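Here's a quick briefing to read with the model open beside you. Have a look at the fold before going on.

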Amino acid sequence: MGVNRGTSTLYHLTGLTKPACAAIWRGMYEAGRAAGTITMTHPTVDGDSNNIAHVVGMKSANKSAQVGLFYSGFANYGAEIVPMVDGDERPTSKQATNERIAKRELSRINGHILLKEAQALKREILNGVYTTPEEIAQARDAIVKKESSARKKIAQSEIVMPGDFAEALEDML
């Protein structure tokens, strides 16, 4: 099961709170223990720390601290998350493909194109291309949308995991 529309999952749930997730995990554990399919002594969930760092620590300078806080938030509700961190050398099957690298670069380029379009709209407003207040308001709304989208695309393309992420997360936890 994936959370937040996981692309390679059969099911996904959105809008869950941490207590609800912890209750679901405990229920799955108890059902598995009753059926004899789970041999764990207590419920645990594996957490993909690199993925979580990209989501919750996207804008943070200290990604390992953000991931640690995220995990501890679940611990407050009795859920134990086992952090899984990719090592220094990721297996070939998990390496970013050329397509992903190209997609990231395209996102960065599209962000800069949107910024140029927003600048062109600003020049048009200053040069009097738009004459009515409605046209000016629509152009300003378009500028805000383009700039916001551009900033998001550029920021997403620049997310880089620190080299000592695994060690820093271990220290945090």
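Leaving aside its neighbours within four places in sequence, which residues is G47 in contact with? They are I52, Y71, I81, V82, P83 and M84, where contact means heavy atoms within 4.5 Å. Keep in mind that this is a predicted model, in which local features need pLDDT of at least 70, side-chain atom pairs count only at pLDDT 80 or more, and totals for chains, interfaces and linings use all residues. Residues are numbered from 1 along each chain as its sequence is written, and side-chain values use heavy atoms, with hydrogens and water left out.

**The overall layout**

- The protein has 6 helices and 4 strands, which are DSSP runs numbered from the N terminus (helices are H or I with at least four residues, strands are E with at least two).
- Reading from the N terminus, the order of elements is β-β-α-β-α-α-β-α-α-α.
- Out of 173 residues, 21% count as buried, meaning under 20% relative accessible area, while exposed is over 50% and partly exposed is in between (1.4 Å probe, protein chains only).
- Take the contacts in the protein with a separation of 6 or more: 62% of them are between residues 24 or more positions apart.

**Around G47**

- G47 sits in strand 3, residues 44-48.
- With a relative accessibility of 6%, G47 counts as buried.

**Helix 3 and what covers it**

- Helix 3 has 13 residues and runs 19 Å from first C-alpha to last, close to the 18 Å expected at 1.5 Å a residue; the expected span is 1.5 Å times one less than the number of residues.
- Its buried residues are K63, S64, A65, V67, G68, Y71, G73 and F74.
- The cover over those buried residues includes helix 1, strand 3, helix 2 (49-56), strand 4 (80-84) and helix 6 (165-172).

**Helix 1 against helix 3**

- Two packed helices are described by the angle between their axes and the distance between the axes.
- Here, the axes of helix 1 (residues 18-35) and helix 3 (residues 63-75) come within 9 Å and cross at roughly 65°; axes are lines fitted to C-alpha atoms over the stretch in contact, with angles from 0 to 180 degrees between N-to-C directions.
- Helix 1 contributes K18, C21 and W25 to the contact, and helix 3 contributes F70, G73 and F74.
- By type, the residues of this contact are 4 nonpolar, 1 polar and 1 charged; Ala, Val, Leu, Ile, Met, Phe, Trp, Tyr, Cys and Pro count as nonpolar, Asp, Glu, Lys and Arg as charged, and the others, Gly among them, as polar.
- Also in helix 1 is E30, which is exposed, with a relative accessible area of 51%.
- E30 and P43 are 13 residues apart in sequence, with their C-alpha atoms 8.3 Å apart.

**Helix 5 and E147**

- Buried in helix 5 are A139, I143, E147, A150, I154 and S157.
- E147 counts as buried because its relative accessible area is 16%.
- Beyond its neighbours within four places in sequence, E147 is in contact with L115, A118 and K122.
- The side chains of E147 and K122 are joined by a polar contact of 2.7 Å (a pair of N or O atoms within 3.5 Å; within protein, one must be able to donate a hydrogen and the other to accept it, and residues adjacent in sequence count only if both atoms are side-chain atoms).
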